Amino acid sequence: MDILRFALLGLASGAICAIVAQALVLTYRASGILNLAQGAFIMIGAYSYYQFTQWKAPLAVAVCGAIAVSALLGIAVFALVIQPMHRSSPLTRVIATLGVLMVLQAAVILAYGIDIRPAPSWLPTRTLELVAGAPVGADRYAITLLGCAATAMLWAFYRFTSFGRVTSAVAENPQAAACLGHSPARIAMVNWGLGSALAGFAGTLIGPIIYLEPTQLVLLVLPALAAAMIGGFASFPLAFTAALGIGVVQGWLQRYVDNPGWSTAVPFLAVIVWLVLRGRGLPLRSHLLDRLPAVGSGQVKPTRLAVAFALSCALVVFGMNEQWLTALTFTVLIAIVCLSVVVITGYAGQLSLTQYALAGVGAFIAARLSDVVPFEIALVTAVLLTAAIGALVGLPSLRTRGVTLAVVTLALADVAYRLILDNDDVNGGTAGLTVAPPSLFGWDIDPLLHPERYAVVALVALFAVALAMANLRRGTVGRRLLAVRSNERAAAALGVGVYAAKTYAFTLAAGVAALGGVLLAYQQSVVLTPQFAVFTSLVLVGVTVAGGVGMIGGALVGSLMIPNGLVSQLLHGIPDINVYLPLIGGLFLLVTLRIAPDGLFEQNRQALRHLLRRRRTDSRTGRARTTDRPTGTPSPTASTTAATPPRTSRVTVQRALRVEGLRVEFGGVRAIDDVSLHLEPGQVHGLIGPNGAGKTTFIDAVTGFVATSGGTIHLGDDAITAWSVRRRNRNGLIRSFQSLELFSDLTVRENLAVACDDGSATRYLTDLVHPGPIHLSPDTLDAIDQCGLAPDLDLKPEQLPFGRRRLVAIARAIAAAPSVLLLDEPAAGLDDHEAEELGHLIRSVADRGVAVLLVEHRMDLITSCCDTVTVLRSGRLLTSGPPRQVLTQPEVLDAYLGSRTTAEPGTAPSAAIPVDS
């Protein structure tokens with residue numbers, strides 16, 4: 001009956017996991033962020049309970065006291081850390097919770113040490129045999145019942161009470177809830193307190209079972225994250241059910257599988273499959289774009305780079321002793337791993353928590369090979385194999401994103417650690433894997449005998465990787481990655497291979513991380529498993545974000561925060577400094593995230609830039625040079641708008657668009673019902689209709705952003721109904737967006753360059769070495785002239801007035817070399833002069849043989865531009881014909897104004913009729 005007994009034991013551990021998962025659901029609903037500190041609140045609850053028992057408090061008082069301490073601490077964390085950062089990026093706030101975890105864990109270690117401590121159970125522990133042949137402790141039954149009761153009460157409370165309804169409203173739309181008189185901050189604070197209390201309560205349950213040890217308690221959050229994710233961070237019953245399932249599976253695996261890593265790995269693998277199957281390839285139109293940390297320009301000054309490299313090598317060879325060389329080499333190699341975070345999170349916008357685990361995989365591969373192959377072959381092999389593993393790690397990113405992807409990558413890091421790095425059959429046991437002394441093409445670079453030589457090799461690797469990352473940022477591929485980071489929908493609509501870009505980013509980042517990991521393995525001469533634990537991967541991402549995750553310099557600054565490097569060596573003389581470094585590091589991380597949301601590197605660069613500008617102003621009798629250019633943007637000479645020869649892959653071909661019987665349904669509601677429409681080359685076809693008519697949905701369906709439930713779409717002679725968004729774009733079907741959806745991380749010039757991208761796959765390699773200047777097509781240059789965008793090319797979209805941004809969006813669509821151009825309310829926000837210029841631009845595009853569909857609410861633009869007008873009402877085709885004829889029809893006036901007497905016979909409605917599709 002072991003299978004039943006271990007299932008019952010698993011139910012108890014699953015119930016504890018469920019309570020923690022409910023706490024994660026509460027804090028996520030309240031603040032919209034992944035609370036990595038929840039494991040720390042479990043630890044605080046367990047140690048608080050232990051401390052109360054040491055003070056001889058009754059067990060009931062100890063439990064209540066632990067819950068109260070956890071709740072108050074959760075409220076304090078929200079008030080002092082999370083709420084003041086509400087305008088920061090979600091990534092920054094997630095890392096802030098990591099800082100909280102670091103601080104709380106370090107504080108507990110300082111207070112109690114790392115020795116295992118027993119805590120008395122407040123539940124009955126006698127053995128019960130309620131099922132024959134399956135004796136189980138009474139406390140396990142009690143824990144299961146407590147988990148069920150907690151879930152039932154939370155479900156009922158948040159479903160039927162006014163506070164629960166307000167919490168749901170705040171989670172759905174904080175701004176709307178605030179307009180109704182509710183304080184999102186106050187609601188979030190209460191939920192943080194409740195979530196922390198639940199985590200503390202879980203600590204009082206689990207502490208007596210597994211004993212008290214800070215690291216082990218903190219990691220209990222991992223299976224709870226999986227359960228909360230299956231519950232969508234919203235459903236208490238679903239999270240509870242998932243947690244029980246995870247607990248049962250873990251119980252069985254602990255009994256029947258010798259490798260203990262599988263008990264952690266298999267549930268996470270199930271979660272990964274669940275998320276990939278339920279995820280979406282592209283975000284919905286309603287997907288909210290969150291602010292991301294600033295990204296650098298990638299501009300490199302060769303002279304300064306050469307001087308910096310020469311001075312660094314000279315300092316290594318002539319100015320450092322062995323201790324400083326070791327510390328410098330370690331920091332340099334950590335910086336390489338941090339650069340992998342810059343690639344995947346800073347450039348591609350994918351929050352990956354696996355980078356240091358991948359560095360460990362590379363280190364283990366190289367260590368295994370070091371005795372049989374030379375250093376160069378071991379290095380290259382480890383990097384290539386880890387890069388391939390990185391591509392597999394990136395597969396979930398094709399269907400998930402944001403918090404979901406963070407949990408998946410964290411799960412994968414834990415799986416890699418448990419099954420590979422912590423496997424005694426692979427890692428050499430407690431002694432670790434010994435690494436043979438390296439030599440580079442016959443040159444002895446043994447870090448023990450020649451630390452200065454190995455330090456020079458590390459510096460060469462760092463400068464080479466940093467230069468490659470700078471080239472990548474300036475090149476076509478960098479613009480693809482940043483386009484995906486800014487807006488996946490718009491990137492796909494312009495022909496960017498979103499899946500290819502994400503896979504490339506994960507592959508490259510894994511290879512870079514492996515390079516750092518391999519060189520670390522050879523420096524330390526032995527590879528030990530604990531240094532690549534999951535918590536270290538979290539810390540690595542945290543310090544990179546604090547340094548500046550979008551900047552190469554941010555990786556360098558972030559590497560200084562990792563212990564055992566240059567900073568540790570600098571503080572080496574202070575007594576007991578190593579004991580306090582984790583606490584200092586956590587506090588420093590929190591302060592840095594608060595004062596420098598874009599990272600310390602950017603903060604200091606801005607301060608230095610401001611100081612130099614003031615000095616120039618003073619030196620020129622108070623008249624500053626007019627060189628104020630937005631941070632992170634290239635100068636006008638950094639790129640060129642020179643025309644290129646006609647591109648073979650995206651030549652504009654005159655093709656018609658034929659839509660027959662199109663139907664689109666959402667949950668049984670037919671948004672588009674049997675609509676047919678023909679667009680001919682050289683003509684402008686207007687599509688109008690009242691609010692909710694389905695015009696934008698029609699464009700979404702034609703361009704592949706929503707699935708159709710019926711009808712056919714032909715582009716020329718090709719049936720494209722089953723084509724992907726990118727394939728439609730590459731064949732000339734181009735659209736603009738009602739909400740613009742520009743790439744906020746790129747300048748206007750770079751936005752246009754993305755549209756001119758020919759999609760060459762070779763750029764994924766060549767851009768690392770030679771990115772080349774920006775080239776814009778003749779049509780793009782013409783659009784720039786007609787829209788008057790020349791003065792704005794080196795500004796970012798957010799620095800322009802809305803009307804100017806609208807013109808950028810139109811110019812970008814034209815730059816994509818369309819055969820068929822679908823414009824979704826392009827004149828919204830434009831003044832009369834700009835709208836008139838836009839009309840001329842649209843006509844000039846059509847005169848070049850492009851078929852144009854114009855969705856617009858300005859009737860003056862419709863009548864001046866369009867050859868044909870089609871009217872939609874409630875998803876159905878109302879009428880179609882010449883503008884003057886259609887706009888005077890009584891049924892059209894009814895559709896817009898609800899009255900046939902509003903307009904005089906023979907005239908068209910003249911006002912800007914509000915339209916929202």
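Two strands count as paired if DSSP finds at least two bridges between them. In this predicted model, Phe 666 stands opposite Val 669 in strand 8.

**Hairpin and its neighbour**

- Strand 7 (residues 657-666) and strand 8 (residues 669-679) are antiparallel and share seven bridges.
- Two residues lie between strand 7 and strand 8 in this hairpin, and Gly 667 in the turn has a positive phi of about 55°.
- Strand 7 also runs antiparallel to strand 10 (residues 710-715), to which five bridges join it.
- Val 659 has Ile 713 of strand 10 as its bridge partner.

- An open sheet is formed by six strands in the order 12-13-14-9-15-16, with mixed pairing.
- Strand 12 (733-735) and strand 16 (876-881) are at the edges with a single partner strand each, so one side of each has no neighbour in the sheet.
- On average, neighbouring strands of this sheet are turned by 20° against each other, direction ignored.
- Strand 15 (residues 868-873) and strand 16 run antiparallel and are joined by five bridges.
- Opposite Val 871 stands Thr 879 in strand 16.
- Helix 33 (residues 802-815) packs on the sheet and touches strand 12 and strand 13 (820-824). The direction of helix 33 makes about 165° with that of strand 13.

**Helix 6 with helix 8**

- The axes of helix 6 (residues 162-172) and helix 8 (residues 184-210) come within 10 Å and cross at roughly 115°.
- Angles from 65 to 115 degrees count as roughly perpendicular, and helix 6 and helix 8 are therefore roughly perpendicular to each other.
- Helix 6 and helix 8 cross in the left-handed sense.
- Helix 6 contributes Phe 163, Val 166, Thr 167 and Val 170 to the contact, and helix 8 contributes Pro 184, Ile 187, Val 190 and Asn 191.
- Six of the residues in the contact of helix 6 with helix 8 are nonpolar, two are polar and none is charged.

**Helix 10 with helix 11**

- Helix 10 (residues 221-230) packs against helix 11 (residues 236-256) at an angle of about 135°, and their axes are 7 Å apart.
- Helix 10 is therefore oblique to helix 11.
- The crossing of helix 10 and helix 11 is right-handed.
- On helix 10 the contact is made by Pro 223, Ala 226, Ala 227, Ala 228 and Ile 230. On helix 11 the contact is made by Leu 238, Ala 239, Ala 242, Ala 243, Ile 246 and Gln 250.
- The contact of helix 10 with helix 11 has 10 nonpolar residues, one polar and no charged.

Note on methods:
Residues are numbered from 1 along each chain as its sequence is written. This is a predicted model: local features need pLDDT of at least 70, side-chain atom pairs count only at pLDDT 80 or more; totals for chains, interfaces and linings use all residues. Side-chain values use heavy atoms; hydrogens and water are left out. Axes are lines fitted to C-alpha atoms, for helices over the stretch in contact, and angles run from 0 to 180 degrees between N-to-C directions. Helices (H or I, at least four residues) and strands (E, at least two) are DSSP runs, numbered from the N terminus. Angles under 35 degrees count as roughly parallel, over 145 as roughly antiparallel, 65 to 115 as roughly perpendicular and the rest as oblique. A crossing is left-handed if the near helix is turned anticlockwise from the far one by less than a right angle, and right-handed if clockwise. Contact means heavy atoms within 4.5 Å. Ala, Val, Leu, Ile, Met, Phe, Trp, Tyr, Cys and Pro count as nonpolar, Asp, Glu, Lys and Arg as charged, and the others, Gly among them, as polar.
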